[in-house]
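Subject: Structure handover

Hello,

Here is the structure I promised to pass on. Please open it first, then read my notes below.

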Amino acid sequence: MPLVRLLIDDRYHRLRFIAALLIYLAVLVFGSIPGARAEIGEFASGLILHFITYSVIAFLLFTGFHNAYSAKGLTTVVMIALMGALDEYVQTFFPYRRGAIGDWYVDASAGILMSSLLWVCLETKRRRIRTP
């Protein structure tokens, strides 16, 4: 129960937002280390890695914002799209990496899917609580 509280409870929204930014920073840093991407690629494909990573970041951002669900969703999707674009842009500066528009599509799709699922689930829960 404490983990669920940490992941959903509004009292911890700022921690989730900070965690999302730290994970994103880790993606940028560790993705820039020569050979790091190749090593982690042995466990999962780039598509899977991007989708899972940006889904987790989207979850943390969505639950980290402290406003209406529709605003959370839109802000999360925009931030994920910008984060993914910056990630791919940074990769172009390294000779052993390359930026790929397909990876950005996966990042943005993960943000859209996660935000949509959270919006539907949490909005439904909120309506049930308000309905007598």
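The notes below go from the whole chain to single residues.

This is a predicted model, in which local features need pLDDT of at least 70, side-chain atom pairs count only at pLDDT 80 or more, and totals for chains, interfaces and linings use all residues. Residues are numbered from 1 along each chain as its sequence is written, and side-chain values use heavy atoms, with hydrogens and water left out.

Overall picture

The protein chain has six helices and zero strands. Helices (H or I, at least four residues) and strands (E, at least two) are DSSP runs, numbered from the N terminus. In sequence order the pattern is α-α-α-α-α-α. The chain has 132 residues, and 33% of them are buried. Buried means under 20% relative accessible area, exposed means over 50%, and partly exposed is in between (1.4 Å probe, protein chains only).

The accessible surface of the chain is about 8,400 Å². Carbon and sulfur atoms hold 72% of that surface. Areas come from the Shrake-Rupley method with a 1.4 Å probe; for residues, only the protein chains shown count as cover. Now take the contacts between residues at least 6 apart in sequence: 65% of them join residues at least 24 apart. Contact means heavy atoms within 4.5 Å.

Helix α4 and His-50

Helix α4 covers residues 46-64. Its 19 residues should span 27 Å at 1.5 Å a residue, and its end C-alpha atoms are 26 Å apart, which agrees. The expected span is 1.5 Å times one less than the number of residues. The buried residues of α4 include Tyr-54, Ile-57, Phe-59 and Leu-61.

His-50 sits in α4. It is buried, at 10% relative accessible area. Its side chain makes a polar contact of 2.7 Å with the side chain of Asp-107. Such a contact is a pair of N or O atoms within 3.5 Å; within protein, one must be able to donate a hydrogen and the other to accept it, and residues adjacent in sequence count only if both atoms are side-chain atoms. Beyond four places in sequence, His-50 also touches residues including Asp-87, Glu-88 and Asp-103.

Helix α5 spans residues 69-91. It has 23 residues and reaches 33 Å from first C-alpha to last, close to the 33 Å expected. Asp-87 and Glu-88, both contacts of His-50, are among the buried residues of α5.

Val-90 is also in α5. It is partly exposed, at 23%. Leaving out residues up to four places away, Val-90 touches Leu-28 and Ser-32. The C-alpha atoms of Val-90 and Gly-31 are 9.3 Å apart, though 59 residues separate them along the chain.

Arg-98 is in the loop between α5 and α6 (101-130). It counts as exposed, at 62%. Arg-98 and Glu-88 are ten residues apart in sequence and 7.4 Å apart C-alpha to C-alpha.

Helix α2

Leu-25 lies in helix α2 (residues 13-31). It is partly exposed, with a relative accessible area of 47%.

Best wishes
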